Amino acid sequence: MKQFYLTLLFTSLSNLLFAQLSTIKGKVQLENGKPLSHVTIKVSGTSIVGISNDKGIYELRNVPFGDHKILVSSLEIKPQKIAVLIDKPKQNVDVTIDATGDVALDEVQIVGSSTKREIETQGFAVNVIETQGASLRSFQTNELLDRTVGVRVRQNGGLGSAVNYNLNGMSGNSVRIFVDGIPISTYGESFSLNSIPPALIERIEVYKGVIPAHLADDAMGGAINVILKKGMSNNLVASVSYGSFNTIQSNFSGLFRDSKSGLTVKASGFHNYSDNDYEVWGKFVRNILPNGRYDYVRARRFNDAYRSLGGQIELGFTDVKWADQFFIGYNGSDDYNEIQHGTYMTIPYKGRFTESQANVLNLNYRKRDFLTKNLEFTFNGMHSDRSQVVNDTVRWNYNWFGEKSVGLDGNPILRPTGAQQGAATILHIDRKVTTFRSGLNYYVTKNHRLVLNHIFYTIDRKERDDMRSAVEREFIGTRDLQKNVVSLAYEANTFERRLKTNLFGKYYQQKIDRVDPVLLSENGQQVRTEDRANSNKTIMGYGLASSYALNPTLILLVSAEKAVRMPSENEIFGSPGDNIIENVNIRPEISNNFNLGLKLGPYQLDQHRLSFSTAGFLRDTRDKIVQRINPRINDALQTNPYENLGKTKSIGFEAEINYVFNDKLNILFSASRFNQVFNIRYDDRGNQYDNYNKQLPNEPFFTINSMAQYTFSHLVQKNSSLNIYYNFGFVDRFYTTWIDLEEFRTPKQFIQDIGASYFFPNKKLVLSADAKNIFNRQVYDNFAVQKPGRAFYLKLNYTITNF
Amino acid sequence: MASAVVIALSFSSCSKNDGPDNPSNPGGNPDRWITVAGALMGSDPGDGNGGTMVYAVSKEDARNPEVSINVYQDGFAVRSNRTARLQSSEDGNTLFNIAYTGDNGGEFSRYHVNGGGSFTQEDVSVNISQYASTSPRWVKLFDGDQTGIAVNVANIAANNAGENSANEPFQYYRGTATVLALDLQEVLIKGYRQYQIPLTPEEEIQGHTIFRLDAPVLNQAGNKLIIGTWMQKRNPATGQTEQNFERLGSKSVVVDYPSLENPTVITSTVGFGDNSGYRSFNSFLAEDGSIYQATQRDSKGSHILRITPENEYDNSYNFSLDAALGVQDAYVDCWRYAGNGIAYVLYTHGGSDQGYVARLDLNTQTATRVDLPYDPDLDFGQYQGILVDGNEVYIAVTPTGKDGNIYIFNSETGEVTQGAKLVNRTGNHYIGIF
């Protein structure tokens with residue numbers, strides 16, 4: 001109780017200290033963009049009033065923070081009231097009036113200025129990453145995510161290397177990635193967060209533990225939803241960046257809309273290349289001499305080049321009678337990725353690489369007031385043809401200088417596994433993926449909405465290994481997977497939008513067809529037939545997300561979900577090659593996820609602005625799908641099924657503080673810490689396990705990120721500006737095995753980056769320079785895998801708008 | 001301690017060709033350290049994937065049932081991601097380990113035993129992963145701690161695999177075998193050879209192939225290594241590994257020593273199982289000059305096979321454990337020859353995982369189950385260290401997750417003595433005495 005009073009006291013004091021006043025600016029215009037002058041804009045219930053000038057611009061000063069109604073009136077139109085939430089010291093509210101005189105706040109503008117806060121205050125544990133600033137710098141999308149509180153991106157090297165995402169301690173299969181709400185797997189390996197540049201991204205939403213209904217997938221631990229840019233004004237943006245390790249990253253995006261017919265063309269493309277030949281050293285980098293002794297070396301990575309190339313073109317109509325948006329598009333991408341090593345850096349590979357391509361056709365349709373008023377319909381259909389080749393045929397051992405390792409007799413040594421990582425392989429994996437996603441949003445009243453979503457996903461996979469014999473190649477089974485997820489949500493804004501509630505239920509259905517060829521003896525003859533089986537699993541999940549604004553600067557957030565992850569095809573049907581046998585009775589993994597959060601601010605005092613947010617979370621995972629290990633039979637013949645055996649629990653918190661001075665200095669500090677523990681307490685006889693409540697090995701559980709940015713105006717040229725940045729990252733050491741052995745502990749890591757961006761006076765050209773890991777520290781995401789050291793990048797951005 | 005080393009050295013130098021243990025030293029070395037090893041669970045009880053811990057006591061303490069040993073609380077963690085592959089020097093003063101998987105997989109290191117939880121890792125190590133993978137199979141030869149032999153088979157493929165040979169008819173599946181000799185004293189690789197080891201064309205056309213090699217042993221003449229095999233059969237019509245197939249007679253690979261060249265295959269007509277053992281010795285040279293070898297996954301239950309001093313199977317020697325113990329499907333988890341024709345074997349039967357200890361007489365081909373407090377959770381599946389010291393055989397008997405004891409078996413009299421108590425933790429088990 002005491003704490004409750006303290007909190008109240010703290011907030012009321014804050015309210016005294018920080019005046020919560022905003023200046024609203026905006027443009028009044030007709031639908032076709034023509035400005036309207038002499039329109040009166042008044043904040044209802046106050047004396048704050050403004051009139052639009054001949055360019056349609058109006059301004060309202062000293063508007064208190066909070067929910068307001070704005071009264072729009074003029075001689076030509078009938079007066080109307082519109083609700084807006086004022087929560088920023090400077091806020092842009094554009095007003096659009098259609099020919100009949102109906103008034104609407106311009107949604108695009110509103111979205112552009114406050115989507116982040118809008119999403120972050122719905123009640124979900126969500127972070128919205130805006131890419132505006134970052135897109136000007138030499139950043140990769142994964143680096144942006146890694147700086148987000150509660151997100152740990154674990155990458156096996158430099159640009160293009162394999163990535164695993166950890167959200168509050170949940171990782172692997174339980175975290176799903178989406179692009180505009182569509183599972184990213186539809187697009188293929190060649191269109192991943194490794195290849196999509198921040199410049200093509202409007203924003204990234206990171207949902208932790210509790211996933212809203214519109215992201216319909218079995219994302220048990222969290223979801224990362226990448227929203228690609230959808231600006232509606234004509235523009236062309238291009239950038240190119242060059243830097244260390246021969247890294248070149250370039251991209252463009254453009255949009256043209258014919259305002260008469262509504263015909264719209266959008267196009268974008270990217271090209272990334274890096275040699276990734278950064279230097280590595282330390283105890284994991286050693287050449288093995290012929291007699292088996294170690295020779296510790298410093299060496300450059302030599303089999304790690306990465307190239308990706310892709311583009312997207314969409315043609316359609318926007319804001320026409322029959323559609324708000326209608327697009328038909330094509331997305332093509334291609335990548336080439338050399339692989340330097342496996343889980344550990346101790347054995348360098350040569351000649352192992354993957355190549356992948358994807359061709360995706362898509363159709364998008366969106367219409368408000370579909371069939372009836374207040375009903376919004378969205379449809380997204382996609383079909384993709386993906387292919388991937390894993391190539392590993394080099395038979396020799398290599399050392400870190402890229403030379404063949406020789407044995408005592410001076411001859412090269414054959415790899416003990418056959419090729420670099422395993423047996424020699426030229427494995428072709430072809431997938432056809434079709435995804436249909438449709439949504440209906442119905443506004444029962446302005447503050448009550450029903451959301452119905454359905455996603456259908458089917459994947460048809462074929463494999464062929466050219467290094468196998470002809471018989472083996474023919475004798476291979478197929479797996480077809482179909483998934484349906486239906487979700488229904490009810491969203492309510494009540495108590496003058498102070499209480500936002502989002503209740504949702506999700507129904508998952510997953511069907512897998514298995515066809516394995518078998519040989520049967522008929523009259524002494526071996527006859528090939530097919531052994532068919534299928535599995536059909538259904539399960540329900542449900543959850544709640546809610547936020548309550550005690551006042552405009554103090555918001556409480558709570559969310560909970562019974563989240564599920566469906567078993568994968570290998571987990572159900574096994575994989576003879578990996579000695580996994582089938583278990584058709586396996587159940588989905590279940591996790592009870594809970595988040596509790598608090599958002600404070602922004603508080604404004606003169607030029608100072610401060611905001612703070614914190615959240616605590618719990619992930620209680622049961623029926624975790626694990627492969628039971630049989631200690632008796634030796635590893636290679638252990639044909640064991642997957643079973644619902646594991647239990648883990650993750651408890652933690654995260655916090656973020658943002659301080660802004662005079663819109664010039666911006667300091668962001670965030671920290672995240674969790675305890676992910678083994679949660680099986682007793683064995684069959686009721687004895688407590690030693691590992692019970694013990695931190696799982698190999699989890700970076702404590703991370704800190706901080707960023708400072710300062711803007712100088714008119715520094716060199718009039719109307720130019722210069723931004724300088726500093727970034728600091730910290731990852732605490734962690735054990736990588738169950739035994740607390742110092743040798744199996746990663747060191748503490750401190751990473752520091754600096755950068756600057758210069759905006760030329762015409763605002764079309766921006767030049768950025770970045771220096772990453774400036775003190776050239778050894779950085780590890782995964783145990784024993786070193787990431788790039790000190791690196792420099794230069795980037796040029798060019799933007800044309802409104803042509 | 002210095003006198004102990006001298007005794008041990010003289011002991012090991014004269015034991016070279018006498019088989020594993022010298023019966024002329026019945027009491028063993030009174031000052032020998034007894035090192036106990038325990039495996040920690042990873043995510044499943046009994047999986048041993050949490051790592052390995054060791055603890056050394058005096059022989060007096062090891063024999064004293066009043067003494068409690070808690071390796072998990074007081075022990076030293078051996079550097080290995082998963083269960084370590086431990087061996088000890090004959091004098092008990094040095095532990096040898098090859099780390100299994102992980103960033104240091106394939107790394108051989110030596111630890112000096114100081115007593116208690118104090119072990120000093122010697123600063124030189126050697127890595128054999130380029131030859132034998134990061135999860136190598138190895139044992140020490142009984143040659144006075146001079147040599148370790150690691151073996152590996154990789155890249156099993158059909159002769160007509162790959163684009164270039166797709167039109168050729170199928171003839172065989174073969175892998176590439178590696179045999180490597182490690183100098184345990186200098187901590188260096190002494191030599192290695194890599195080759196394909198063919199079976200007979202009739203066996204190969206059916207899809208039989210050597211899937212693994214393990215548990216090598218040096219013959220009496222010291223000029224050949226006998227290496228155990230784990231056989232596999234693939235269906236040439238489908239390329240898939242067969243789970244149930246008619247097993248061939250047990251096979252061993254014989255190579256020249258020390259050159260490691262000229263691999264040949266010998267085949268038993270008595271045993272039909274593999275003889276690769278599990279993480280420790282599986283074949284022993286006895287005083288009669290013969291090598292005795294246990295079988296696993298034997299379609300007729302585990303057998304003890306005899307290989308003559310001429311390096312051929314003696315098919316007149318037929319020692320079936322099923323018959324001798326009066327059980328079905330006997331399975332040898334681990335065993336050790338103790339001298340004078342006597343051996344101790346840890347086995348299961350009837351498809352259960354429950355382990356038992358039996359005393360074998362190789363000369364009379366008889367076996368007797370030793371009377372011990374057996375428990376359904378006693379599982380020797382990962383057991384890898386039976387210590388023979390003079391006439392005495394030391395075995396750690398702990399059911400998974402329960403306390404147990406060291407037991408000392410007198411190979412001459414058959415007498416059983418309960419030794420120190422082994423304190424256990426849930427999900428863990430003791431895996432050896434070194």
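Trainee: Which residue in E17(A) does Phe178(A) stand opposite?

Mentor: Phe178(A) stands opposite Asn225(A) in E17(A). Before going further, please note that this is a predicted model, in which local features need pLDDT of at least 70 and side-chain atom pairs count only at pLDDT 80 or more, while totals for chains, interfaces and linings use all residues. Residues are numbered from 1 along each chain as its sequence is written, and chains are lettered from A and ligands numbered from 1 in the order in which they are written.

Let us start with the two strands. Strand E14 of chain A covers residues 175-179 and strand E17 of chain A covers residues 222-228; strands are DSSP runs of E with at least two residues, helices are runs of H or I with at least four, and both are numbered from the N terminus. E14 and E17 of chain A pair in the parallel sense, over five bridges; two strands pair if DSSP finds at least two bridges between them.

These two strands belong to an open sheet of five strands in chain A, with the order E10-E16-E17-E14-E15 and mixed pairing. Strands E10 (126-130) and E15 (182-183) of chain A each have a single partner strand, so one side of each is left without a neighbour in the sheet.

Now consider the surroundings of the sheet. Chain A is divided into domain 1 (18-105), domain 2 (126-228) and domain 3 (235-801), with bounds that come from an automatic or database domain assignment. The centres of domain 1 and domain 3 of chain A, taken over C-alpha atoms, are separated by 42 Å.

For the chain as a whole, the secondary structure of chain A comes to five helices and 43 strands. Along its principal axes, the C-alpha trace of chain A spans about 95 × 65 × 60 Å. Of the 803 residues in chain A, 39% are buried; a residue is buried if 20 or more other C-beta atoms, placed from the backbone, lie within 10 Å of its own, exposed if 12 or fewer do, and partly exposed in between.

Tyr306(A) is located in strand E25 (residues 306-320) of chain A. Tyr306(A) counts as buried because it has 24 C-beta neighbours inside 10 Å. The C-alpha atoms of Tyr306(A) and Ser274(A) are separated by 5.3 Å, although these residues are 32 residues apart along the chain.
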